[in-house]
Amino acid sequence: MAKKYQVHYHFIFVHADGKQLQEAVDILTKANVHPVYGDIFSLTQTKEAMDKVAKGRNKGKILLKIN
């Protein structure tokens with residue numbers, strides 16, 4: 001599909017250590033990459049949030065608000 005639409009992407013695999021995570025942060029910051037936020041659910045709506053993710057109907061990250 002990527003070739004068909006002439007889209008290019010790269011993967012970055014890191015270990016959960018400070019040095020590699022900092023390198024990933026530096027790369028993403030330099031490239032001005034920001035996550036896309038979708039819906040925000042309260043903690044009591046966790047089931048609804050998980051259902052939305054399971055159905056694949058979310059656009060962006062699903063956030064749980066903890067207050």
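Let's start with Y9, which counts as exposed at 52% relative accessibility. Exposed here means over 50% relative accessible area, buried means under 20%, and partly exposed is in between, with a 1.4 Å probe and protein chains only. Before I go on, a word on the source: this is a predicted model, where local features need pLDDT of at least 70, side-chain atom pairs count only at pLDDT 80 or more, and totals for chains, interfaces and linings use all residues. Residues are numbered from 1 along each chain as its sequence is written, and side-chain values use heavy atoms, with hydrogens and water left out.

So where is Y9? You'll find Y9 in the segment before α1, the helix at 18-30. Helices (H or I, at least four residues) and strands (E, at least two) are DSSP runs, numbered from the N terminus.

Moving along to α1 itself. At 1.5 Å a residue, its 13 residues should span 18 Å, and the end C-alpha atoms are 18 Å apart, which agrees. The expected span is 1.5 Å times one less than the number of residues. After α1 comes N32, with a positive phi near 55 degrees.

Now, how many salt bridges are there? The count comes to two, taking a salt bridge as a side-chain nitrogen of Lys or Arg within 4 Å of a carboxyl oxygen of Asp or Glu. One joins K52 and D39, whose closest N and O atoms are 2.0 Å apart. That pair links distant parts of the chain, with K52 in helix α2 (residues 46-55) and D39 in strand β1 (residues 37-42), 13 residues apart. K52 is partly exposed, at 26% relative accessible area, and D39 is partly exposed too, at 32%.

In the other bridge, the side chains of K47 and D51 meet at 3.0 Å, N to O. Because K47 and D51 are four residues apart in helix α2, about one helical turn separates them. K47 counts as exposed at 59% relative accessibility, whereas D51, at 32%, is partly exposed.

Next, have a look at G60, in the loop between α2 and β2 (61-65). G60 is partly exposed at 27% relative accessibility. In sequence, G60 and D39 are 21 residues apart, yet their C-alpha atoms are 7.8 Å apart in space. Leaving aside neighbours within four places in sequence, G60 is in contact (heavy atoms within 4.5 Å) with V36, Y37 and G38.

Finally, the whole chain. It has two helices and two strands, in the pattern α-β-α-β along the sequence. The radius of gyration, taken over C-alpha atoms, is 16 Å, but a compact globule of 67 residues would have one near 11 Å; that rule is 2.2 Å times the number of residues to the power 0.38. The C-alpha atoms fill a box of roughly 35 × 35 × 20 Å along the principal axes. Of the 67 residues, 4% count as buried.
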